[in-house]
Amino acid sequence: MKRRLLITLFLLIVVPLTVGFVRMHPRALEPWECSELYQRYADSPDIRATYVKNYRVNDTLTLNATLLEALTDSGWAELTNVFNISIMPHDQAAIDKGYDVLSLINNDRCQKGLLSSSDIAVLSCRNKYACVFNNVDSIYYDKIIDAVLSKIFKSLNNNSNFIQNEETL
Amino acid sequence: MENINTTGTEAVAAERSLRSDMRGTYRRRLVAINLAHYTMVMLLLGVIIWTLLSALIVPPSFSHSTSEQQGNMIQCIDNIMQKA
């Protein structure tokens, strides 16, 4: 009886400790486990690439994403080139004033083979980064597009207020 | 003769009472040990169920990156996905 108690007590301590250790231990992904986009820019001196797998945005949405941050002007030129983005003078003026200009990009719009049909990219012209959501489930695709578009409209609204103010002046 | 019989009856009664007390003590101890054991088993079951459930939620894994990069990444996603 005493032995059974001891075994139970031992398991009660060991199981949570093991589970806690395994779950809390940070796991770094190997390059081949990351997206192709990450692998493409992982060694670039002008672009800093980061990849995250299974990031929980909320209870229903879990994402894999690649972040490409331009560290230099040539890095930013490379990003705008591959994502096929051109910055208009009024966009540049808004950026200079501290507003952000966001672009939503799917695989039709950017360089061929860069994104798959289940990828969505968001480019921030002020912060000079591209955030690519990889392999998005069709259920969540629209949800993400809605979220990004609402963000874009919000920034457009801010920018148009800024442009109107500029024109009034 | 009567005295001996009385003494004998008392002794038997005393022994019975002692045995009954001992049985009671033993039973109470047994119940306490069983209760402790089953409580621990139930706790262990709870921990195992929690482990299985938590295995469904996979924590995020990052590429080889600095904590600054990871922070930027999370901030960027949260910033974009505010309305999702």
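Visitor: Which residue in S1(B) is the bridge partner of Leu29(A)?

Guide: In this predicted model, local features need pLDDT of at least 70 and side-chain atom pairs count only at pLDDT 80 or more, while totals for chains, interfaces and linings use all residues. Residues are numbered from 1 along each chain as its sequence is written, chains are lettered from A in the order in which they are written, and side-chain values use heavy atoms, with hydrogens and water left out. Within S1(B), the partner of Leu29(A) is Ser63(B).

Visitor: Which side chains meet in a salt bridge between chain A and chain B?

Guide: A salt bridge requires a side-chain nitrogen of Lys or Arg within 4 Å of a carboxyl oxygen of Asp or Glu. By this rule the interface of chain A and chain B has one salt bridge. At 3.6 Å, N to O, the pair is Arg48(A) and Glu68(B).

Visitor: Which element supplies the largest share of the side of chain A that touches chain B?

Guide: In chain A, 44 residues are in contact (heavy atoms within 4.5 Å) with 37 residues of chain B. Elements that each supply at least two residues of the chain A side include helix H1 (2–24), strand S2 (47–56) and strand S3 (62–70); helices here are DSSP runs (H or I) of at least four residues and strands (E) of at least two, numbered from the N terminus. The largest share, ten residues, comes from H1(A).

Conventions: Pairing = 2+ DSSP bridges.
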